[in-house]
Amino acid sequence: MTVHPMLGLADAVAAQLADPGTAPSVYQAYRQHLAYGPPGIALLHIERAANGLGPWQHAHGWLAAASHGPLTSGPDSHPFYGMPAFAHALACAADHLPASYQRALDAMDRQIATDVRRRLDAAHRRIDAGCLPQLAEFDAIRGLAGYGAYLLRRNPGSPAVRAVVDYCVRLTEPIRHSGEELPGWWTATGPSGSPDERFPGGHANTGMAHGIGGVLALLALAARKGTATDGQHRALRTILTWLDRWQEETGRGSTWPYWVTRSELRTGRRPGSKLRRPSWCYGTAGLARAQQLAALATGDTERQITAESALAAALTDPDQLGATTGNGLCHGLAGLTHLAVRTAADAHPSTVGRIRAAIPGLLAAICPVDDDLERAATALVSGTGAGPGLLDGAAGTALALLAADTAAPPRSAWDSCLLIA
């Protein structure tokens, strides 16, 4: 039987990452990292086992490697590091192994709920004091949007989910600072989260990873799963109106900036610039999915079609694709492929064909038909690629290839941590 190159490459990556005992030593430095370390690599084997493509033994091995030592909780942890990161991987496995891991998950859920409450209390005190937030307060990687993704996956109707959604609603309320009215998610720093002279007066970050895009996606996903709170739809409209304000028409589709600076806010204009890559973490691809989810949650068909058309254009625009480097989920071709697969599954009949038509070209760029699969897998895992991990590396690329091959939602819901489903 002939194996399609993309599934063959995913198999080859999984084989090279089968045993944490033979993995490069870099894993130890990232033991608790979902983005780079064992928890994210475990997700590849969990998804394969859930699809009957590999043994659970490999998933167990990587979960054991991640938990070989105390797990960080409290203020030094976040959705992609420590106990919350490990809990996400464990939950993905436990859904398919109901007799396993439940006691450990219950204990971790109690600790995570405590940590979320502390973060929420601090965030509400900050809002009450009229101070600007840090990106790490609310973003998907380190903040409450990421915690919300985990809580929503575990128990959509829980008080903890409602509490996070209520916070997100408050986050969208305008804030008066230094004599100016700013959006509630405005930060005084640069996009790195640190003071940056290139961003005098701070910025408003639109990204899925570190900006309001992740909050938009969480609000939309919560609404779609039946979690409704006062002001939730108003908050959705506030974010969408902001994105509408900064939407740019290129003649080849709509795009959105990575961020808005203080000077741009004051003038209401952005300088003309070269198109940026349309990735998950920043830019049009991730924001298109977030806006599609919001449109589905609010029944706005016109906005849904606009968002889906923007993604289809980004996936076929040579300039935007030319700015995309690497194969990873975060800002590479695997991320575009997975967003295309996920968006197409929910797309309007008028746009679904254009999105699906772009997927083969993305796959061919990741895995040309004539590639030596073993050599390509080695390059992804430890050669010229970005390493073995989930967010930038081989495990995430393999997961995207697997999802594209099955043409069905991931059985383990591994991608819920990305706030795209």
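This is a predicted model: local features need pLDDT of at least 70, side-chain atom pairs count only at pLDDT 80 or more; totals for chains, interfaces and linings use all residues.
**Salt bridges across the chain**

At 63% relative accessibility, R198 counts as exposed (over 50%; buried means under 20% and partly exposed lies in between, with a 1.4 Å probe and protein chains only). Its salt-bridge partner is D196, with N and O 2.7 Å apart.

Residues are numbered from 1 along each chain as its sequence is written, and side-chain values use heavy atoms, leaving out hydrogens and water.

A salt bridge here is a side-chain nitrogen of Lys or Arg within 4 Å of a carboxyl oxygen of Asp or Glu. Searching the whole structure turns up 20 of them.

Let's look next at D317 and R252, whose side chains meet in a salt bridge at 3.2 Å, N to O. This pair links distant parts of the chain, 65 residues apart: D317 sits in the loop between α14 (301-316) and α15 (318-322), and R252 in the loop between β4 (248-249) and β5 (254-255). Helices (H or I, at least four residues) and strands (E, at least two) are DSSP runs, numbered from the N terminus. D317 is buried, with a relative accessible area of 2%, whereas R252 is partly exposed at 40%.

Salt bridges with shared partners also join E180, R262 and R266 into one network. Within it, the closest N and O atoms of E180 and R262 are 3.0 Å apart. E180 belongs to strand β2 (residues 180-182) and R262 to helix α12 (residues 262-267), 82 residues apart. Both E180 and R262 are buried.
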